[in-house]
Amino acid sequence: AVVSTQSGHYGRGEDEYCKHGTCCDDIMPDPEDYFRRTLQLYAEIASRLDAARITPSRNSRYTFKQVEKALTVTANYRCTWSGGKQFLLELAVCLDKTFALIDCPKESSIDCDKIKKFYLMPV
């Protein structure tokens, strides 16, 4: 989402903030702070996965346990299937009010078989 601060209009970013960011508006009322922190969290998660050698690849497959070991928390997932192969589409983590990763209170794995390995395709 592109945020334009010149006009005060956030376009699609405003929709995303209203949908996801308002749960933390008591500690981060500014959408710009929300998006800045979101990018920092993305980098932190990517760094943890990189350190565990979980990287996008057309050839490597991973387990959900590997991801959770790298993140040190349980997460939620959304997958898709093609040609009998499982592909991870979305990794969702849960945070507390200090933005620390926490175990997600309710497991939600949409279209994922957590027993089988998955591919993490390059974008």
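This is a predicted model: local features need pLDDT of at least 70, side-chain atom pairs count only at pLDDT 80 or more; totals for chains, interfaces and linings use all residues.
Modeller: Residues are numbered from 1 along each chain as its sequence is written, and side-chain values use heavy atoms, with hydrogens and water left out.

Colleague: What makes up the chain, in helices and strands?

Modeller: The chain has three helices and seven strands. Helices (H or I, at least four residues) and strands (E, at least two) are DSSP runs, numbered from the N terminus. Along the sequence the pattern reads α-α-β-α-β-β-β-β-β-β.

Colleague: How do you know that the span of helix α2 agrees with its number of residues?

Modeller: Helix α2 covers residues 31-51, which is 21 residues. The expected span is 1.5 Å times one less than the number of residues. That gives 30 Å, and the end C-alpha atoms are 30 Å apart, so the two agree.

Colleague: Which residues of α2 are called buried?

Modeller: They are P31, Y34, F35, L41, I45 and L49. Buried means under 20% relative accessible area, exposed over 50%, and partly exposed in between (1.4 Å probe, protein chains only).

Colleague: Why do you say the buried residues line one face of α2?

Modeller: Seen down the axis, they fall within an arc of 120°, so they line one face. The arc is that of the directions from the helix axis to the C-beta atoms. On the other side of α2, L39 and A51 are exposed.

Colleague: How many of the 123 residues count as buried, as a percentage?

Modeller: The share is 29%.
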